[in-house]
Amino acid sequence: MTRAEQVYQSLRERIVTLGLEPGARLIERDLAAEFEVSRIPLREALQRLAADGLVTTVPGQGSIVTVPTPKDIEDLLDVRAGLEPLAARLAAAGAGPEALARLRELVRPQADPETLTEANAAFHREITAAANNPLLAQIMGPLEARMRWLFHLSVERDPDRQRLEHAELLEALQARDPDRAAAIALAHVEDGRGPTLEATRRWRLEAVDAKEATKTRRRRVSA
């Protein structure tokens, strides 16, 4: 693994799990020192994070963790509403015993919200894999980090309701019922739309002027 890949994966995980919150300024000098790398691999990592939608970069000024607006979240939910029913439909037709066993494991009650959040993300990821459609996986791959990020931003959503919806979807997959699986997948996304938007309001996710946020601050000179 290259140094740029290591930095990319580390920063992506930190952003997705809110170790770096929306709007946090990413100072290249500090990050290069932390990861013990030159600016070249660091900038390569930041460019990839920007392509993922997790970082906003202003050329010549710097970068911040992207602040997703309510419109950004609505757009992501709209895309999920289009693609996840397709994934569920295909998975109902082709998921093997091993994939179903992994899904059963992921719908078990979890002890804490963070573990639940990661299990939820893994559940959706497993369904995409079980769909056995490389093109669909290629399309959904770049969305995975943003989906996990959204799940962490809305961690207060009712865990019992989410688990129940996942269990219902699993039942449809096990019954080899593509139409029911697709309908449940769509209902699951739409059922979470309101609570997700409400939960993310606590982050005050409003439009941010990236140019203003990344302006260089002058260091205060000691007297």
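User: Which residue in β3 is the bridge partner of Val55?

Analyst: Val65 is the partner of Val55. This is a predicted model, and the pairing is computed from its atoms. Other bridges reach β3 as well. Thr57 stands opposite Ser63. Val58 has Gly62 as its bridge partner.

User: What makes β2 and β3 a pair of strands?

Analyst: Two strands pair if there are at least two bridges between them. Strand β2, residues 55-58, and β3 have four bridges. The requirement is at least two, so β2 and β3 count as paired. Their sense is antiparallel.

User: How do you know that β1 and β3 pair?

Analyst: The same rule applies. Strand β1 covers residues 25-26 and has two bridges to β3. The cut-off is at least two bridges, so β1 and β3 pair. Their sense is antiparallel. On the β3 side, Ile64 is the bridge partner of Arg25.

User: What is the order of the strands in the sheet?

Analyst: The order is β1-β3-β2, in an open sheet of three strands with antiparallel pairing.

User: Which strands are called edge strands, and why?

Analyst: They are β1 and β2, as each of them pairs on one side only.

User: What makes both faces of β3 count as covered?

Analyst: Strand β3 runs over residues 62-65. In a regular strand the side chains alternate between the two faces of the sheet. On one side of β3 are Gly62 and Ile64, and on the other are Ser63 and Val65. All four are buried, and both faces are covered.

User: How do you know whether Thr196 is buried or exposed?

Analyst: Its relative accessible area is 3%. That is under 20%, so Thr196 counts as buried. Thr196 lies in helix α10, residues 178-200. Its C-alpha atom is 17 Å from that of Leu164, which is 32 residues away along the chain.

User: What makes Arg48 count as lying over the face of Tyr8?

Analyst: The distance to the ring centre must be within 6 Å. For Arg48 it is 3.7 Å, which meets that limit. The position must also be within 35 degrees of the ring normal. Arg48 is listed as lying over the face of Tyr8.

User: How many aromatic pairs are there?

Analyst: The count is zero.

User: Which residues line the second largest pocket?

Analyst: The lining holds Gly53, Thr66, Pro68, Asp72, Ile73, Asp75, Leu76, Leu143, Arg146, Trp149, Leu150 and Leu153. Helices α4 (70-94) and α8 (144-153) each supply at least two of the lining residues. The volume of this pocket is about 220 Å³.

User: How many of its lining residues are nonpolar, polar and charged?

Analyst: Seven are nonpolar, two polar and three charged.

User: How many helices and strands does the protein chain have?

Analyst: There are 11 helices and three strands. From the N terminus on, the elements run α-β-α-α-β-β-α-α-α-α-α-α-α-α. The chain has 223 residues, of which 45% count as buried. Its C-alpha trace spans about 75 × 40 × 30 Å along the principal axes.

Definitions and conventions: Residues numbered from 1 in each chain as written. Predicted model: local features only at pLDDT ≥ 70, side-chain atom pairs only at ≥ 80, totals over all residues. Heavy atoms only, no water. Buried < 20%, exposed > 50% of the residue type's maximum accessible area, 1.4 Å probe, protein only. 1 Å grid on protein atoms, 1.4 Å probe; cavity = no way out; pocket = protein on both sides within 12 Å on 5 of 7 lines; lining within 4 Å. Points joined across faces, edges and corners; volume = space filled by probe spheres on them. Nonpolar A, V, L, I, M, F, W, Y, C, P; charged D, E, K, R; others polar. Phe/Tyr/Trp six-rings, centres within 6.5 Å; stacked < 30°, edge-to-face > 60°.
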